[in-house]
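My notebook is open, and I want to jot down what I look up as I go. Here is what I'm working from.

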Amino acid sequence: MRIFSGIQPTGELHIGNYLGAIKQWNSLQHQNNCIFCIVDLHAITVPYDTEKLSNLILEKAVIYLAAGIDPEKAIIFVQSHVKAHTELCWLLNTITPLGDLYRMTQYKEKSQKGKKNENAGLLNYPILMAADILLYDADIVPVGEDQKQHVELARSIARKFNSKFGETFTLPKEQLPTEGARIMSITNPKKKMSKSDPEASYISLFDSPEAIKKKIKSAVTDTYKTIKYDKEKRPGISNLLTIYSLFSEIEVKEVEKEMKGKSYKKFKDELAELMIIKLAPFRKRREEFLSREVYVKEILKQGQDAANSLAESKISEVKRKMGLI
Ligand code: TYM
């Protein structure tokens, strides 16, 4: 199977990104043809700091490696290094109905953050994402729940292109993890954990043990006092139980049994300890790769070459089918 996925380079990588996406990438890379991209062109659709962006792109490559992505097994590259992404995006623009773009949840949320945030790139964002996926004929796109709608749109664009110009693209399918597809904010468990929210609301993959303890201590729960999963009525404790379950690889039901009779404080202490232990190797490997900039750049160059050769042959086919010479 061909697998494609990506993460934006801006903002910190949090445990939602890990549990929703990267954890799946890790296991998929052993038996599939995986391509993992740092989607820098998506990141510039919202206000950002030009001075910081280049470092953030390189840092994301470090993070992919630190999180266990093996460059011997998967292609790792930066989106803007392969020109065919923007080229295919333009071509797909011409067959994508505007109505489909206006109804995207992410567009609605981001454009509501103020008129100054509304730009054509923000609206066309899912078309670039479709181009990313379709360029490599990806079968499977491992993502968290918030990206499901975008992958569905990519599939519908592929279907439309195929029926208009002849069989060209593989129809991609999203793959969400069975648990952890939507990790919630720890300060507002009715909202998804997001890197654009205040720091206290998410746990970064690289938070220090002190920061993890502090954040978990102030995580929002409820007044029931029993450690029981009930997503609708008790979103806070349920989110913490999900996180505990995913890091310990023990089913939620079992965790409930283990925690029976314990106070919220005790549960939170144990959760913080568990996360500190599980996240320690990420912190260590990140430090190692940060000091190997030449190596990381070399990996991105190799990734660019490998991705480029696949993308160039696809874009030629697409242009031919569309009647461009
Ligand atoms: P991004 O950078 O916002 O998020 C990266 C991945 O993390 C997942 N995720 C979550 N999963 C569970 N709980 C959460 N709270 C949570 N927050 C984020 C996201 O679903 C995603 O899988 N548009 C994409 C990037 C992209 C892409 C692509 C992905 C561009 N082109 C092609 C797949 C294929 C995005 O902004 O992800």
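Before I start on helices, a reminder to myself: an axis here is a line fitted to C-alpha atoms, for helices over the stretch in contact, and angles run from 0 to 180 degrees between N-to-C directions. I also note that this is a predicted model.

**Entry 1: two helices**

Two packed helices are described by the angle between their axes and the distance between the axes, so I looked up both. Helix H9 covers residues 209-217 and helix H12 covers residues 264-290. Their axes come within 9 Å and cross at roughly 145°. I checked the hand too: the crossing of H9 and H12 is right-handed.

Which residues of H9 meet H12? I found Pro209, Ile212, Lys213, Ile216 and Lys217 on the H9 side. Across from them, H12 brings Lys268, Leu271, Ala272, Glu273, Met275, Ile276, Leu279 and Arg283. Sorted by class, this contact has 8 nonpolar and 5 charged residues, with no polar ones.

**Entry 2: the ligand**

Tyr125 puts a polar side-chain atom 2.6 Å from a ligand oxygen. For Asp132, a polar side-chain atom sits 2.7 Å from a ligand nitrogen. Met193 uses its backbone: a polar atom there is 3.0 Å from a nitrogen of the ligand. How much of the ligand does the protein bury? I get 97% of the 720 Å² that the ligand exposes when taken alone.

Lys225 has a phi near 75°, and Lys225 lies in the loop between H9 and helix H10 (235-248).

How values were computed: Residues numbered from 1 in each chain as written. Predicted model: local features only at pLDDT ≥ 70, side-chain atom pairs only at ≥ 80, totals over all residues. Heavy atoms only, no water. Helix = DSSP H or I, 4+ residues; strand = E, 2+ residues; numbered from the N terminus. Left-handed = near helix turned anticlockwise from the far one by under 90°. Contact = heavy atoms within 4.5 Å. Nonpolar A, V, L, I, M, F, W, Y, C, P; charged D, E, K, R; others polar. Polar contact = N/O pair within 3.5 Å; in protein donor to acceptor, adjacent residues only side chain to side chain. Areas by Shrake-Rupley, 256 points an atom, 1.4 Å probe, with all protein chains shown as cover.
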